[in-house]
Amino acid sequence: MRVFLAVSARPHRQEALGQAVQRARESIAVTFPVAPERVRAREWTAGNGGVHVLTWTNEPGWEPPSGPGGITVVAGHHPGEPGRGPAAGQPGCFALLRAGEHGITASTSIAPADPVYYAETPDLFVVGNRALLVRLAAHDGVRYDVTALQSVARQGYFLSEETPYAGVRALPPASTLEIGDRLTVTTEPLPVGRGRTGAARVAEHMVRAVRPLAGGPEQVRVTLTGGRDSRLIAALLHGAGIPFRASTSGFDDHPDVVVARQVAAALGVEHEVTTPVLTTANELSVVHPADRVHHILRACEGMLSAYENITADAPYSDVPRLGGHNGEILRGGYLSGMEETTPEAVRRRTETLFLSNRGLFTETANAHAEELAWSSDSLHVPDHLYVRFRVGRWHAAARAAMLRQGTPVQPFLDNRVVGAALGVDPGVRRSERLVHRLIRTFAPALAEVPLEGRPWRFRTEGLLARWRHRAARHISAPKPKPWNWRTEPGRELAEELRETIVSCARLGEIVRLDKVPALFDGGRLVKPALVWHLYTVAGLLGADLTAPGTASRGRVTVPTKRPLMAS
């Protein structure tokens with residue numbers, strides 16, 4: 001993981017620059033989510049002393065290139081040296097910072113999974129890739145933007161360029177920030193897909209994205225499930241001639257495990273299954289919810305719900321790890337989860353994204369959500385919303401946790417792959433023909449291995465497709481839905497969640513706390529993800545993120561119901 005921060009003083013404010021740099025040095029222990037003994041620091045001064053750059057990393061041997069012209073810092077994955085142009089036109093998935101005598105520039109990818117945050121004060125400009133660090137360098141102490149947090153409470157991540165910290169914003173996708181005498185942001189529009197074909201171009205860029213993995217010292221690891229996206233990653237590596245091992249988490253009878261085994265067998269690759277550990281009383285042992293929130297606040301800075309599973313801190317490893325994260329980009333973004341794509345359906349989906357559970361939120365929160373909401377019935381809106389917010393805010397937060405253990409190569413987020421995919425009509429991508437064609441191109445044997453869940457969309461939509469699907473369908477008993485402890489945590493943990501939420505007075509600025517009890521039904525959560533979102537925000541508003549840490553609550557047990565979902 002690489003953390004960078006650049007501070008530039010306004011004219012005649014040199015003293016403020018030194019103070020900001022000192023605050024950053026003092027804050028790194030609580031803003032870099034890695035054990036301090038594994039972190040190395042470097043600093044540079046540029047621009048006649050008017051710009052100061054600080055970097056920290058837990059990556060063995062990494063040093064950002066610097067010279068007479070300044071310093072260049074790349075956070076994320078970039079195969080080779082970055083060119084002089086904007087990040088959005090280059091291969092890889094990364095954020096780019098340059099500092100020199102002419103000031104500071106920073107830029108984001110088309111799919112900005114590696115974020116850039118910035119703040120501006122009467123004395124300073126501050127830019128970095130950890131939002132809390134930017135806040136603490138620019139200001140003396142933390143102040144939350146509670147109204148902005150309505151989005152995290154509602155959806156589990158931000159649907160804007162806001163952050164939990166007042167005065168700190170995220171740089172949009174395909175954007176360049178320039179700091180000289182003033183701060184300017186230039187954003188390139190995302191591609192609008194109109195082409196009906198494009199699989200060959202997407203395939204070419206996907207192969208280029210994984211080519212640096214060929215011949216590496218460590219064998220590639222792939223997290224395999226029963227779905228489309230991780231299967232495409234496995235097919236891609238197979239087609240590119242890159243050896244890999246596959247792994248899946250779950251019990252033997254879980255659909256993901258069953259199908260993943262078939263995929264691995266079809267490709268002839270080694271497949272490992274990690275089974276969740278149960279107690280002798282057939283209970284699942286899990287991290288206490290309070291600790292779960294603490295871990296996610298430290299790694300994801302209050303920008304992701306504790307409903308999500310994130311990668312734990314561990315020593316950095318050079319073993320390349322891939323998975324199916326964000327494969328929806330190749331399937332139309334948010335369109336991939338929509339049953340209809342009429343103009344009315346698009347408007348409903350967009351409104352639901354920004355204003356779901358309106359009755360639970362205060363007038364202030366709903367008014368703010370309405371200000372942020374996009375309004376259009378174009379198919380490109382759910383497509384671009386996905387890239388901008390699901391990738392740029394949700395996955396960017398989750399990726400921060402992943403980067404602690406290693407730098408993943410993610411073909412679905414490679415600039416050139418994303419640009420080529422967005423050039424294909426979103427309706428065509430939503431049909432899943434593009435993904436199916438890519439799988440057939442890379443590994444024909446996988447094209448007909450059954451999917452976990454619903455079949456390929458292009459085989460079930462349309463009158464003729466539906467008729468063929470019904471004619472070929474075998475009558476079988478419905479599969480039970482996998483049980484998830486976060487949905488039914490039991491009475492004791494459910495009460496812990498409820499009490500934490502309703503007792504958070506500051507949360508009451510955006511949430512009608514009197515309506516929260518209706519979200520609970522004994523040991524079952526009526527709206528599980530929403531409850532966890534609220535619990536996370538309550539935990540953030542009650543936490544001191546500048547404190548070194550809190551005492552662990554330990555692990556707790558939850559009675560299981562089979563089949564289990566990985567937690």
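Leaving aside neighbours within four places in sequence, His 288 is in contact (heavy atoms within 4.5 Å) with Leu 493, Glu 496, Arg 553, Gly 554, Arg 555 and Val 556. Before I go on, this is a predicted model, in which local features need pLDDT of at least 70, side-chain atom pairs count only at pLDDT 80 or more, and totals for chains, interfaces and linings use all residues. Residues are numbered from 1 along each chain as its sequence is written, and side-chain values use heavy atoms, with hydrogens and water left out.

Back to His 288. The residue sits in the loop between strand E16 (283–287) and helix H7 (289–300). Helices here are DSSP runs of H or I with at least four residues, strands are runs of E with at least two, and both are numbered from the N terminus. Is His 288 buried or exposed? His 288 is buried, at a relative accessible area of 5%. On the scale used, buried means under 20% relative accessible area, exposed means over 50%, and partly exposed lies in between, with a 1.4 Å probe and protein chains only.

Two other loop residues come next. Asn 326 is not a glycine, yet has a positive phi of about 65°. Asn 326 lies in the loop between strand E17 (321–322) and helix H8, and is buried with a relative accessible area of 5%. Glu 432, also a residue other than glycine, has a positive phi near 75°. Its loop runs between helix H12 (426–430) and helix H13 (433–442). At 1% relative accessibility, Glu 432 counts as buried.

Now the open sheet. There are 6 strands, in the order E2-E3-E1-E9-E8-E10, with antiparallel pairing. Two strands pair if DSSP finds at least two bridges between them. The edge strands are E2 (40–46) and E10 (169–170), each of which pairs on one side only.

Helix H2 (residues 131–138) lies across E1, E3, E8 and E9 and runs at about 160° to E9. Axes are lines fitted to C-alpha atoms, for helices over the stretch in contact, and the angles run from 0 to 180 degrees between N-to-C directions. How many of the residues of H2 are buried? The helix is mostly covered, with 8 of its 8 residues buried. Among them are Leu 132, Leu 133, Arg 135 and Leu 136. The buried residues of H2 pack against strands E1 (2–9), E3 (51–57), E8 (117–120) and E9 (124–128), and against helix H1 (14–31).

H1 and H2 pack at an angle of about 145°, with their axes 8 Å apart. On the H1 side, residues including Ala 20, Arg 23, Ala 24 and Ile 28 take part, and they meet residues of H2 including Leu 133, Leu 136 and Ala 137. By class, this contact has 9 nonpolar, 2 polar and 1 charged residues. Ala, Val, Leu, Ile, Met, Phe, Trp, Tyr, Cys and Pro count as nonpolar, Asp, Glu, Lys and Arg as charged, and the others, Gly among them, as polar.

Next, strand E7 (residues 103–107). Of its 5 residues, 4 are buried, so E7 is largely enclosed by the rest of the structure. Strand E6 (residues 93–100) pairs with E7 in the antiparallel sense over 5 bridges, and a hairpin joins the two through 2 residues. Leu 96 stands opposite Ser 107 in E7. E7 is also joined by 4 bridges to strand E11 (residues 175–179), again antiparallel. There, Ile 104 has Ile 179 in E11 as its bridge partner.

Helix H5 (residues 229–239) and helix H6 (residues 255–267) pack at about 10°, with axes 11 Å apart. That makes H5 roughly parallel to H6; the cut-offs are under 35 degrees for roughly parallel, over 145 for roughly antiparallel, 65 to 115 for roughly perpendicular, and oblique for the rest. Arg 231, Ala 234, Ala 235 and His 238 in H5 meet Val 259, Val 263 and Leu 267 in H6. The residues of this contact divide into 5 nonpolar, 1 polar and 1 charged.

Helix H8 (residues 343–355) and helix H10 (residues 380–402) pack at about 25°, with axes 10 Å apart. H8 is therefore roughly parallel to H10. Val 346, Thr 350, Leu 353 and Phe 354 in H8 meet Val 381, Pro 382, Leu 385 and Phe 389 in H10. That contact has 7 nonpolar residues, 1 polar and no charged.
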